[in-house]
Amino acid sequence: MTQFLSHRGESDDAPENTVAAFRLAMERDSDGIELDIRLTADRQVACLHNETLEAVAGVPLAIADSTLAELRRHWPVPTLAEALAELRPGKIMQIELKSPPELIPHLKTVLDAWPGDRRQLMLSAFEPENIAGAARAFPDLPRIWLTDLVQWFGRFPEAAAVAGQVKRIGGTGVSFLATEAATAGFVRQLHKAGLRVVCWGVNPDELGLRMAALGVDAMTSNHAVALRRKYRQ
């Protein structure tokens, strides 16, 4: 059954990538949380999507050049450890790596210190080098390659081409931009190749419902719980 993961937390109703958004996802019994991580200047693994605070706080402060304390003067930036503390048993957390691979050793420190069940965790990234680095550091964790398939391949590809790319970079699954071009057969072939199949960008809701009907394993949505309710009613 398709899992509906709260994208940056339940971010339609709480500020994205904040403890409030993650906590709301858990309070609403979401299937899990998707979040983004970046490395700060003082080597803290922080939950932020963009390279600067401009989009969320209106401040052009670069994450990589600022300490966590400096960032928190403008926005309630949680660390990954704080986000993990909100994750309830049995729920999924998909952690998207937004910084270059130098982030990975610091991520490993955080995850190795977490006392929870690592089977709840998945890693994801658009950059093949981050997937490859994660494969070396986290051979036990699912590693999901994020992509817009048409943009990457130049057209909507065959499942075999996608599976080949994922395996070539050390991934165990793919998360692709939701599209009407996808079919149930395409999803089945990816599953047959041993891949976890996820999608993102499920706007409007009807597109997300269609992707669930195709049999994807999971999708991310800013209102995952409401979308799940629509699908299961």
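Analyst: A residue is called exposed when its relative accessible area is over 50%, buried when it is under 20%, and partly exposed in between, with a 1.4 Å probe and protein chains only. The model is a predicted one, in which local features need pLDDT of at least 70 and side-chain atom pairs count only at pLDDT 80 or more, while totals for chains, interfaces and linings use all residues. Residues are numbered from 1 along each chain as its sequence is written, and side-chain values use heavy atoms, leaving out hydrogens and water.

User: What makes β9 a mostly covered strand?

Analyst: Of the 5 residues in strand β9 (residues 173-177), 4 are buried; strands here are DSSP runs of E with at least two residues, helices are runs of H or I with at least four, and both are numbered from the N terminus.

User: How do you know that β9 and β10 pair?

Analyst: Pairing requires that DSSP finds at least two bridges between two strands, and β9 and β10 (residues 196-200) have 5, in the parallel sense, with Gly 173 opposite Arg 196.

User: Why are the buried residues of α9 said to line one face?

Analyst: In α9, Phe 186, Val 187 and Leu 190 are buried. Viewed down the helix axis, the buried residues of α9 fall within an arc of 95°, so they line one face, the arc being that of the directions from the helix axis to the C-beta atoms. On the other side of α9, Arg 188 and Lys 192 are exposed.
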